[in-house]
Amino acid sequence: MVKKNACVFISGNGSNLRSLINHSRNQTFPINISLVVCNKINAKGIFYAKKYSIPYLIINTKKRNFENIVLQKLKRYKISLICLAGYMKIISKNFLKSFGKKIINVHPSLLPKFKGLNTFERVLKDKEKKTGCTIHYVNEKLDNGKNIIQKSFFISKEDNVKFLKKKTQSLEHKAFSEAIIKIYRYT
Ligand code: GRF
């Protein structure tokens with residue numbers, strides 16, 4: 001099997017990046033993580049790129065030409081899939097168009113419910129019975145592209161923001177790899 005080259009965009013802890021790297025070490029997993037892009041110089045997740053000797057790029061999104069710098073790198077590494085894994089910036093219309101290939105994102109709610117930030121707080125406030133995560137394609141609107149996979153669990157009385165985050169993240173790690181397998185199953 002010829003694996004596709006993927007790039008993971010992060011801003012924070014990188015637990016999803018770590019999980020994707022682990023899966024990608026399996027021969028039958030459809031992608032290799034060939035590049036990591038990060039917009040925070042102190043992001044913990046960079047540690048995983050270093051640990052596994054994956055090339056990484058730290059970007060300053062305040063720079064006017066930062067998108068072109070990223071696009072050039074993506075081309076150089078022949079990237080055909082971008083995984084947004086806790087990347088806290090909106091992907092511009094121009095970037096989507098110029099990259100022209102698949103971009104997917106992980107979101108900590110059952111979309112279309114609870115788009116945007118502070119999902120766990122809002123889930124609890126609205127007394128939802130269930131919550132979970134969604135892996136979806138990225139389009140020009142926030143948390144809005146077509147869903148690929150969702151995973152859910154029932155909320156218990158004891159759940160608080162911290163517990164919901166923990167439970168949701170462990171589902172995210174499974175959902176992300178399953179979504180990638182699903183995307184490449186018939187290609
Ligand atoms: C995840 O919970 C994801 O849903 C959200 O940001 C978080 C990133 O976590 N978009 P990590 O950096 O992968 O640990």
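**Stop one: the strands**

Select Ala-6 and then Ile-33 in strand E2, which stands opposite Ala-6. This is a predicted model, in which local features need pLDDT of at least 70 and side-chain atom pairs count only at pLDDT 80 or more, while totals for chains, interfaces and linings use all residues. Residues are numbered from 1 along each chain as its sequence is written, and side-chain values use heavy atoms, with hydrogens and water left out. Helices (H or I, at least four residues) and strands (E, at least two) are DSSP runs, numbered from the N terminus.

Now select E1, residues 4-10, and E2, residues 31-38. The two pair in the parallel sense over 7 bridges; strands pair if DSSP finds at least two bridges between them. From E1 the chain passes through helix H1 (residues 15-24) to E2 in a right-handed β-α-β crossover. Right-handed means that, with the strands pointing away from the viewer, the path from the first strand over the helix to the second runs clockwise.

In E1, 5 of the 7 residues are buried (under 20% relative accessible area; exposed is over 50% and partly exposed in between, with a 1.4 Å probe and protein chains only).

**Stop two: the rings**

Which residues do ring pairs link into a cluster? Select Phe-9, Tyr-87, Phe-95 and Phe-99. Rings of Phe, Tyr and Trp (its six-membered ring) pair if their centres lie within 6.5 Å; planes under 30 degrees apart count as stacked, over 60 as edge-to-face and the rest as tilted. The whole structure has 4 aromatic pairs. In one of them, Phe-9 and Phe-95 have ring centres 6.2 Å apart and planes at 70°, so the pair is edge-to-face. Phe-9 is in E1 and Phe-95 in helix H4 (residues 93-99), 86 residues apart.

Phe-95 also pairs with Phe-99: their centres are 6.4 Å apart and their planes at 25°, so this pair is stacked. Both lie in H4, 4 residues apart, about one turn of the helix. Is Phe-9 buried or exposed? Phe-9 is buried, because its relative accessible area is 2%.

**Stop three: the loops**

Select Leu-111 and Pro-112, which are joined by a cis peptide bond with omega about 15°. Pro-112 is in the loop between E5 and H5. Phe-114 lies in that loop between E5 and H5 too, and its phi is near 60°, a positive value in a residue other than glycine. Most residues other than glycine have a negative phi, and most peptide bonds are trans. Phe-114 is buried, with a relative accessible area of 12%.

Move to Lys-127, in the loop between H5 and strand E6 (130-137). Its phi is near 50°, also positive in a residue other than glycine. Lys-127 counts as exposed because its relative accessible area is 72%.

**Last stop: helix H6**

Select Leu-171 in helix H6. Leu-171 is buried, at 14% relative accessibility.
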